[in-house]
Amino acid sequence: MPGTAAKPAKQLTGAATIYDIAELAGVNPSTVSRALTTPGRISAKTEAKIRAAAKELNYVVNPFARALPTGRTKTIALMMADITNPVFFSVIRGAGEVAAENGYVLVNAESQESSSDEENILQRILPTVDAVLLVTTRLPEEDIQRINEIKPTVLVNQTVPGVHDVVPDFEPGTSEAITHLKQLGHKNIAFLGGPSTSWMGRLRWDLFMKAAVREKVSIVEIGPNPPTLQGGTDVLDRVLASGVTAVIAYNDLVAIGLLREAQRRGMNIPKDLSIIGIDNIFGSDFTNPGLTTIQLPLKQLGRDAVTMLLELMDKDRDEVPLHRSELKTSLLVRESTGKAKA
């Protein structure tokens, strides 16, 4: 008599459910739910059996179904202005680590420096996430406050009244940068500003001005500029026309763009012009000469921001301090800064 093929443990007409897993594993559906949503609440042996059954049935967690009894999808939206900017790599890594440690996932989105695109994206994803992390936002304050009324929101590197934020202390890094340039003999310095809508750009300019007054050196702002390599390339003529001997750029990308364009035109960096960036992004030491930069604790920023979001979701908002700013900035000296020309 010819052999017959083994019958599958379960014939499914659609996506597997926890009831299918329970039948295959020989346990109650409630036990399956505990094993898949809050690991560690049942024995390791039973949990392993349940997970093996889930894998065999190609079970995929439906976050919207899970949200029905709990009100949560276990997802966090992370909005950034430009996904190609390396400054976000470490922030996202830190945020993702804390999210994963607590059973959440990040949904990353970018606005491409457009406030209208950012608003449209957030309108679409707000109903599907539990909280919002605005790493860089180009939205006006009233829109940010409106989002905060809908879902718990944390800002990174920006302060808006009534909205929780994580902002490092920029005063140490800005002061060290101005002092460093003065010690090298620079008396005329330029700050290459970023986008006109950047809250952080305005803060940095204010801090650089105060440090320059203390050190009795001259500083001018050249901007606004796109926060990109091209933004640095395009600003060189204005830098040369200003007559400064040193510049501090809005970020490392602008600084690198400026450095490369200066070298393309035959200038010697730092002999002809000293350049300082901000952020210490991945690759800032790949330039020749290496870029002097004000370094930020980027990964810890991401970790602290998600930690604050989790607190906001588990507590009354009034119980969570509005500001978290224990992190410090500092100057990392490389070879793109040198003595001022006599």
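User: In what sense do S8 and strand S9 (residues 274-279) pair, and over how many bridges?

Analyst: First, keep in mind that this is a predicted model. For strand pairing, look at direction and count the bridges. S8 and S9 pair in the parallel sense, over three bridges. To place one of them, take Ile248: its bridge partner in S9 is Ile276. Between the two strands the chain passes through helix H12 (residues 252-264), and this β-α-β crossover is right-handed.

User: Which strand joins S8 by four bridges?

Analyst: That is strand S6 (residues 188-192), which runs parallel to S8. Two partners in S8 can be picked out. Phe191 has Ile248 as its bridge partner, and Ala190 has Val247.

User: Are the faces of strand S8 (residues 246-249) covered or open?

Analyst: Check the side chains on each side of the strand. Buried means under 20% relative accessible area. In S8, Ala246 and Ile248 lie on one side, Val247 and Ala249 on the other, and all are buried. Both faces are covered.

User: What is the strand order of the open sheet with mixed pairing?

Analyst: The order of its six strands is S7-S6-S8-S9-S10-S12. Strand S7 (218-222) and strand S12 (330-332) are the edge strands, and each pairs on one side only. From one strand to the next, the twist averages 25 degrees.

User: Which strands does H12 lie across?

Analyst: For a helix on a sheet, list the strands and then take the angle. H12 lies across S6, S8, S9 and strand S10 (292-295). Its run is at about 155 degrees to S9.

User: What is the order of the open sheet with parallel pairing?

Analyst: This sheet has six strands, ordered S2-S1-S3-S4-S5-S11. Strand S2 (105-110) and strand S11 (323-324) stand at the edges with a single partner strand each, so one side of each has no neighbour in the sheet. Helix H5 (residues 87-101) packs on the sheet and touches strand S1 (75-80), S2 and S3. The direction of H5 makes about 155 degrees with that of S2. Further in, strand S3 (residues 131-134) and strand S4 (residues 153-156) run parallel, joined by three bridges. Leu134 has Leu155 as its bridge partner in S4.

User: Where is Lys299, and which side chain does it join by a polar contact?

Analyst: Lys299 is in helix H13 (residues 298-314). H13 lies across S1, S3, S4, strand S5 (164-166) and S11, at about 160 degrees to S4. For a polar contact, read the distance between the side chains. Lys299 and Glu97 are joined at 3.1 Å. Beyond four places in sequence, Lys299 touches Ser90, Val91, Arg93, Gly94 and Glu97.

User: Why is Lys299 called partly exposed?

Analyst: The cut-offs settle it. Buried is under 20%, exposed is over 50%, and partly exposed is in between. Lys299 has a relative accessible area of 38%, so it is partly exposed.

User: Is His164 buried or exposed?

Analyst: His164, in strand S5, is buried, with a relative accessible area of 4%. Next, see what surrounds it. Its side chain reaches the backbone oxygen of Val320 at 2.9 Å. Beyond four places in sequence, the residues touched by His164 include Thr153, Leu155, Met308, Leu312 and Val320.

Definitions and conventions: Residues numbered from 1 in each chain as written. Predicted model: local features only at pLDDT ≥ 70, side-chain atom pairs only at ≥ 80, totals over all residues. Heavy atoms only, no water. Buried < 20%, exposed > 50% of the residue type's maximum accessible area, 1.4 Å probe, protein only. Contact = heavy atoms within 4.5 Å. Polar contact = N/O pair within 3.5 Å; in protein donor to acceptor, adjacent residues only side chain to side chain. Pairing = 2+ DSSP bridges. Right-handed = clockwise from strand over helix to strand, strands pointing away. Axes fitted to C-alpha atoms, helices over the stretch in contact; angles between N-to-C directions.
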